[in-house]
Amino acid sequence: MPDQPRPSRRAVLTAATAGAGFLTFPALVERALAGAPYILKPLPPRWFIDYGSNAEMRWDSVDPYRYLTAPSRLFVRDHTATPRIDAATYQLQVFGDGLATPRGADEPVTLTYAELRAMRSTRIAAIHECTGNGRAFFNTQQGKAATGTQWTLGAVGAVEWEGVRLRTVLERIGLDPAAVSIMATGLDDHYVSGGVDYGSVRRPFPVSKALDDALLAWGQNGQDLLPDHGFPLRLVLPGWVGIGSIKWLGSLEVSTQEQTSPWNTIWYRMTGGSYPPDSPPLTVNPVRSAFELAWGDSLVRRPEVILTGRSWSGAGPIGHVDVSTDGGSTWGRARIVRGGRREAWTQWAYDWQRPDRGDHVVMARATDVTGRQQPLVTPYNDNGYFFDAVVRHPVTIV
Ligand SMILES: Nc1nc2c(c(=O)[nH]1)N[C@H]1C(S)=C(S)[C@@H](COP(=O)(O)O)O[C@H]1N2
Ligand SMILES: [Mo]
């Protein structure tokens with residue numbers, strides 16, 4: 001299952017001591033018995049909803065005066081658990097028949113952490129988001145639950161990544177013009193689900209993305225990557241589904257053939273609902289919006305209540321945002337506070353005039369510069385990807 005919540009460490013321990021569970025997730029049971037958490041950074045409940053190996057950022061903890069999401073606040077999505085990797089012995093391996101001089105997996109080009117960091121560095125501010133962000137709303141808003149972690153809207157952040165462009169690295173190694181696909185593979189444990197070992201977390205992406213804006217990142221917001229976010233090195237595919245940005249990057253296989261892995265054939269493509277069986281792997285993220293409010297927040301009545309929030313799109317900047325405070329009957333344009341080109345997301349504010357005391361539903365609907373607008377209903381898919389419909393957010397004016 002994609003984005004399946006791992007049982008809490010306590011639940012794993014209970015199962016393990018009861019003699020159950022060893023067959024289903026031995027590595028995780030071992031880890032739990034050893035007292036190791038899945039995620040290494042602290043997850044204070046005021047900032048995060050803790051799902052074991054996944055952690056969601058709470059939108060009401062977002063500071064309206066901070067544009068970027070601090071590493072300590074960013075959501076985490078681990079298929080198994082965060083590994084600790086020693087940068088001193090780390091090597092990135094690059095191989096495949098798509099290199100100018102083809103190389104097998106047993107004779108890769110290797111790059112050490114120090115060699116990578118000595119290369120020309122670039123900073124890219126981008127939205128970082130899980131494909132399943134908003135999944136819970138398939139159930140709570142549209143009445144049909146999808147499998148996987150029931151994220152609300154907090155599996156997203158804005159990050160300024162620092163690293164070397166993959167293009168630079170490939171040019172240095174030498175690329176065959178016939179290369180089409182690159183398989184990125186992580187160094188974390190094999191992903192085992194339902195008794196099946198799917199191997200290392202890995203997903204192929206097109207060479208065109210590699211030559212466009214893909215980054216081999218060692219930093220986030222001016223500091224080294226945290227272990228949970230991929231230390232010492234992760235791939236970043238700006239604007240694309242989070243699964244493309246492989247953490248703890250172990251190898252890149254450059255091929256003249258299209259490549260597949262379960263992460264682009266079984267998961268991270270649309271299945272079920274009205275989707276055709278040959279629906280392609282997901283790439284560019286949709287348009288979404290969130291209020292910087294808790295679910296069911298209470299707001300003190302004033303002549304003017306200011307609602308703040310953010311909107312983002314994988315395809316480009318946000319053009320405009322409309323807000324409704326009456327459940328979608330009427331809409332007014334939000335003020336853009338910060339956004340524009342080369343930015344990760346757009347911050348906005350809406351001045352709610354003379355709200356009545358009582359319960360209300362507030363909604364934010366964004367349109368990006370390519371003309372993509374959030375729909376009111378998102379077609380269902382089995383794994384609950386790309387919930388981009390306008391979210392009906394309850395608030396109470398007290
Ligand atoms: N090696 C590896 N890379 C991975 C994953 C993983 O479990 N292992 N999870 C992916 C998914 S589904 C997402 S949404 C992002 C999450 O990145 P973050 O935990 O740094 O926020 O990493 C992606 N890269
Ligand atoms: Mo994800």
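Which residue has its charged end over the ring of W47?

1. R73 does: its charged end sits 3.7 Å from the ring centre of W47. A charge counts as over a ring if NZ of Lys or CZ of Arg is within 6 Å of the ring centre and within 35 degrees of the ring normal. K144 is placed over the face of Y380, at 4.2 Å from the ring centre.

2. A word on the basis. This is a predicted model, where local features need pLDDT of at least 70, side-chain atom pairs count only at pLDDT 80 or more, and totals for chains, interfaces and linings use all residues. Residues are numbered from 1 along each chain as its sequence is written, chains are lettered from A and ligands numbered from 1 in the order in which they are written, and side-chain values use heavy atoms, with hydrogens and water left out.

3. Aromatic pairs come next. Rings of Phe, Tyr and Trp (its six-membered ring) pair if their centres lie within 6.5 Å; planes under 30 degrees apart are stacked, over 60 edge-to-face, the rest tilted. The count is 17 aromatic pairs. Y51 and W151 are edge-to-face, because their ring centres are 5.8 Å apart and their planes stand at 80°. This pair links distant parts of the chain, 100 residues apart. Y51 is in the loop between β1 (48-50) and β2 (54-57), W151 in the loop between α4 (136-140) and β7 (156-165). Helices (H or I, at least four residues) and strands (E, at least two) are DSSP runs, numbered from the N terminus. Y51 is buried at 18% relative accessible area, and W151 is buried at 0%. Buried means under 20%, exposed over 50%, partly exposed in between (1.4 Å probe, protein chains only).

4. W59 and W345 make a tilted pair: 5.7 Å between centres, 50° between planes. W59 lies in the loop between β2 and β3 (76-77) and W345 in the loop between β21 (335-338) and β22 (346-353), so the pair ties together parts 286 residues apart in sequence. W59 is buried, at 6%. W345 is buried, at 2%.

5. Ring pairs also join F137, F138, W295, Y380 and F387 into a cluster.

6. Now the cores. A nonpolar core is a set of buried Ala, Val, Leu, Ile, Met, Phe, Trp, Tyr and Cys residues joined through side-chain atoms within 4.5 Å. The largest has 60 residues, and L92, L166, L216 and L249 have the most contacts inside it. Strand β12 (residues 215-220) gives the most to this core, with four residues. A second, separate core of 19 residues includes M57, F138, A290 and V391.
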